[in-house]
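Follow along with the model beside you.

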Amino acid sequence: MYRSSPRRQSRPARVIAPPRPAASAAAVEPRFSDVRLPSGVRLHYLEQGNPDGRAVILLHGLADTWFSFSRVLPDLSTEYRVYGLDLRGHGDSDRPGEGYTPRDMAADLLGFMDLLGIARATLVGHSMGTFVAQQAALLAPARVAGLVLIGSATTARNQVMLELEQALAQLPDAVPEDFAREFQSSTIHHPVPEAFLDRVVAECRKAPAWVWHGALAGLIGTERFVGLGGRAIPTLLIWGDRDAMFSRAEQEALVSTLPIASLRVYRETGHAAHWERPKQVVRDLERYLRSGSS
């Protein structure tokens with residue numbers, strides 16, 4: 001099991017389990033809170049939209065944070081109850097010394113839903129977040145109304161990821177800025193605003209290298225995804241045709257494992273479609289929420 005040294009302990013928790021907002025309010029501005037899970041891990045999260053609306057939970061990729069969805073959040077309809085998590089080890093959440101597999105993070109997600117009274121939710125994942133979403137659907141299919149997987153695959157074990165694993169092994173705990181920038185830039189084909197990329201780099205450097213390594217090892221070590229056990233969970237796949245991490249063949253393989261799935265291919269787009277084409281992602285997501293996920 002992946003463990004940290006004593007100097008890598010998580011910092012003290014802050015506000016725990018905030019009270020629910022009034023049901024009649026349709027909040028527009030994002031609100032940030034923390035919640036402590038029964039396991040003791042504290043998760044930082046964003047919430048916006050109508051507290052009585054359909055729940056949508058955003059799950060970021062490796063070394064990212066809720067900010068990964070910041071170009072999508074302003075355009076999402078306020079009719080939805082939207083959450084953006086900092087998964088364990090990432091952003092402003094706790095950094096336990098172990099437990100960085102997609103299954104561990106999926107268990108955190110389900111615990112988060114329990115504490116906030118979310119019976120069912122549509123899960124929107126990017127990259128690592130798609131594997132967390134898939135694991136949550138396997139663990140508790142009745143809790144998942146639908147899946148939107150941006151830049152996903154049936155397995156994260158490929159040459160790109162193995163090379164990244166080797167590079168991470170050479171890093172100090174404080175991830176160098178040039179490494180973080182090169183990593184994030186490698187996921188992009190269509191240009192994104194410079195200020196946005198600067199913030200992405202700063203956010204991903206909140207996670208020490210041992211968290212990057214632990215989460216990546218968890219991804220690579222997870223068995224090939226082979227479906228949802230026959231559960232007919234409506235799934236939308238979004239993939240950029242310039243994705244340097246996961247191929248078109250992986251998209252076809254993933255579709256073939258799912259009882260109900262459709263694939264949207266974005267032209268001249270890399271691994272992070274929600275960074276590069278946020279308005280298009282919002283349109284496809286909201287069309288899916290209104291017609292494909294029920």
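**Entry 1: the cavities**

Which residues line the second largest cavity? I found Asp64, Thr65, Phe67, Ser68, Val200, Glu203 and Trp275 around it. I noted that this is a predicted model. The volume of this second largest cavity is about 30 Å³. I sorted its lining by class and got three nonpolar, two polar and two charged residues.

How many cavities of 30 Å³ or more does the structure hold? It holds two. The idea behind the search is friendly enough: rolling a probe the size of a water molecule over the atoms shows where empty space is left.

Next I turned to the largest cavity, with about 90 Å³ of space inside. I listed its lining as Gly61, Leu62, Asp64, His126, Ser127, Met161, Phe183, Gln184, Thr187, Met245 and His271. By class, that lining has four nonpolar, six polar and one charged residue.

I picked Gln184 to begin with. Where does Gln184 sit? I found it in helix α4, which covers residues 177-185. Gln184 has a relative accessible area of 1%, so it counts as buried. Leaving out residues up to four places away in sequence, Gln184 touches Asp64, Leu197, Val200, Cys204 and Trp275.

Then I looked at His271. It lies in the loop between β8 (261-266) and α8 (273-276). Is His271 buried or exposed? Its relative accessibility is 3%, under the 20% limit, so His271 is buried. Its contacts beyond four places in sequence are His126, Ser127, Gly151, Thr187, Asp243, Met245, Phe246 and Glu276. I also checked Ile238: it is 33 residues from His271 in sequence, and their C-alpha atoms are 9.6 Å apart.

Ser127 was on that contact list, so I cite its burial next: at 7% relative accessibility, Ser127 is buried. I placed Ser127 in the loop between β5 and α2.

I found Glu268 in the loop between β8 and α8. Its relative accessibility is 36%, so Glu268 counts as partly exposed. Gly117, which follows α1, has a positive phi near 70°.

What is the distance between the end C-alpha atoms of α2? I read 17 Å for this helix of twelve residues, 128-139. At 1.5 Å a residue the helix should span 16 Å, so the two values agree.

I then asked how much of α2 is covered, and ten of its twelve residues turned out to be buried. Among them are Phe131, Val132 and Ala133. The elements that cover these buried residues include β3 (55-59), α1 (102-115), β5 (121-126), β6 (144-150), α6 (209-221) and α7 (248-257).

**Entry 2: the nonpolar core**

Which members of the largest nonpolar core touch the most other members? The core has 92 residues, and my answer is Ile57, Leu59, Phe112, Ile118, Leu123, Leu147 and Trp212. Helix α6 gives the most to this core, with eight residues.

Apart from neighbours within four places in sequence, it is in contact with Ile57, Leu59, Leu109, Ala133, Ala136, Val144, Gly146, Leu147 and Val148.

**Entry 3: the whole protein**

I ended with the overall counts. The protein has nine helices and eight strands. Of its 294 residues, 56% are buried. Among contacts with a separation of 6 or more, 76% join residues 24 or more positions apart.

Definitions and conventions: Residues are numbered from 1 along each chain as its sequence is written. This is a predicted model: local features need pLDDT of at least 70, side-chain atom pairs count only at pLDDT 80 or more; totals for chains, interfaces and linings use all residues. Side-chain values use heavy atoms; hydrogens and water are left out. On a 1 Å grid over the protein atoms alone, a cavity is a set of points where a 1.4 Å probe fits but cannot get out, and a pocket is an open set with protein on both sides within 12 Å along at least five of seven lines; lining residues have an atom within 4 Å of a point. Grid points are joined across faces, edges and corners, and a volume is the space filled by probe spheres set on the points. Ala, Val, Leu, Ile, Met, Phe, Trp, Tyr, Cys and Pro count as nonpolar, Asp, Glu, Lys and Arg as charged, and the others, Gly among them, as polar. Helices (H or I, at least four residues) and strands (E, at least two) are DSSP runs, numbered from the N terminus. The expected span of a helix is 1.5 Å times one less than its number of residues. Buried means under 20% relative accessible area, exposed over 50%, partly exposed in between (1.4 Å probe, protein chains only). Contact means heavy atoms within 4.5 Å. A nonpolar core is a set of buried Ala, Val, Leu, Ile, Met, Phe, Trp, Tyr and Cys residues joined through side-chain atoms within 4.5 Å.
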